[in-house]
Amino acid sequence: MPAAESASPSVSVIIPCYNCARTLPSSIESVLAQEDIQAQIILIDDGSSDDTPMLIRAFHAQYPDRILFASQPSKGPAAARNLAIGMASTDYIAFLDSDDMWTPGKLREQIAYMVRHPECGLSHTDAVMVDADGRQVRLMKSREAFNGPCFEKMLESNGLITSTVCIRRDVIGKCGLFDTTLVTRSDWEYWVRVAREYAFGSLNRPLCYYRVHDSNISRRIDQSFSDHATIIHRNIERYGGEISLRDVFDKAWFLLYASYAASFAHAGRYREALRNWVRAARLQPVNLKMHYTIARACSVSLLKKLLAPVLARGR
């Protein structure tokens, strides 16, 4: 049976950890600094080879009543989140990546919202994108389409930032756990299943700092593209018999091809960019915004490539 909500709802914060010794302390400290809510923190070391395990044990020693931890061989964030979910016994479960941070009022505002909206199984917030050094880059606004019933929109694409998401414990009993067969995008696959059963709630305020990295971009694009396509195929297998969703799946394929055409272009992989540009154009040939975005990505990437030798000589 799902845990009943008490007068003062309890919250567990799940943080998968993998070689994150540089950023993990600030993530944990942002949870410890939450106002009015003393959340339980569950840290799962996913086979780290740096000082992450040592840091986890040090934080546990300092806050033994608030921090739980466990270790597993490197299995990925989905398996780490599933292990932590099994350790949690609270009314709510919030997710935080080991390189992201929260504002002090994040959980207070989010839990209050969900208490006021019992139909909401998942809530999420806006975020501020920051670079590897913590400098603010831009505001990441959550789209209105991901507020209330939003199953069809979630089928099309992922509009949520995992580190802003909080779910009721009831969701686990109805929707299960994260899919560990996916190396990337297991969060999106899970949000689709949640959206099938529950309404979402969007707090249109930036309550999270989302850190972006540029390392290993080419390898991550390949894996992410493959997993993205796998999720669309699985969603078609599950829900494709519903006639009303046929246009939704066409749009899902279009968004896959268009977004990765631009990503491949930024990575200087023009053959893959062109291939996906053509695929997107077959689905929406007169989408001028798509053509402009991909063409601009190709142009900027090519210009950087051409100027790189000149800039290198000038140093």
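**View 1. Helix α7 and its buried residues.** Ser186, Asp187, Trp188, Glu189, Tyr190, Trp191, Val192, Arg193, Val194 and Ala195 are the buried residues of α7 in this predicted model. That makes ten of the helix's twelve residues, so α7 is mostly covered. From the first C-alpha to the last, α7 (residues 186-197) reaches 18 Å, close to the 16 Å expected at 1.5 Å a residue.

View 2. Take a moment with Ile167: beyond four places in sequence, its contacts include Tyr92, Phe95, Met114, Leu122 and Tyr190.

**View 3. The buried face of helix α4.** In α4 (residues 106-116), look for the buried Lys106, Leu107, Gln110, Ile111, Tyr113 and Met114. Viewed along the axis of α4, they fall within an arc of 155°, so the buried residues line one face of the helix. Their cover includes the strands β1 (11-17), β4 (92-95), β5 (101-102), β6 (120-130), β8 (166-168) and β9 (199-211).

View 4. Because Asp36 sits in the loop between α1 (24-32) and β2 (40-46) while Arg108 belongs to helix α4, the pair ties together parts 72 residues apart in sequence. Asp36 is exposed at 69% relative accessible area, and Arg108 is partly exposed at 31%.

View 5. Asp131 and Arg135 meet through their side chains in a salt bridge of 3.0 Å, N to O. Asp131 counts as buried at 17% relative accessibility, whereas Arg135 is exposed at 51%. Both belong to a salt-bridge network that links Arg22, Asp131, Asp133 and Arg135. Another salt bridge, between Arg269 and Asp222, has an N to O distance of 2.8 Å. Arg269 lies in the loop between α9 and α10 (270-283) and Asp222 in helix α8 (residues 217-239), so this pair ties together parts 47 residues apart in sequence.

**View 6. The chain start and model confidence.** Residues 1-6 have pLDDT under 50, and the model gives them eleven contacts beyond four places in sequence. Over the chain, pLDDT averages 92, with 94% of residues scoring at least 70.

Terms used: Residues numbered from 1 in each chain as written. Predicted model: local features only at pLDDT ≥ 70, side-chain atom pairs only at ≥ 80, totals over all residues. Heavy atoms only, no water. Helix = DSSP H or I, 4+ residues; strand = E, 2+ residues; numbered from the N terminus. Expected span 1.5 Å × (residues − 1). Buried < 20%, exposed > 50% of the residue type's maximum accessible area, 1.4 Å probe, protein only. Arc of directions from axis to C-beta. Contact = heavy atoms within 4.5 Å. pLDDT = per-residue confidence, 0-100. Salt bridge = Lys/Arg side-chain N within 4 Å of Asp/Glu carboxyl O.
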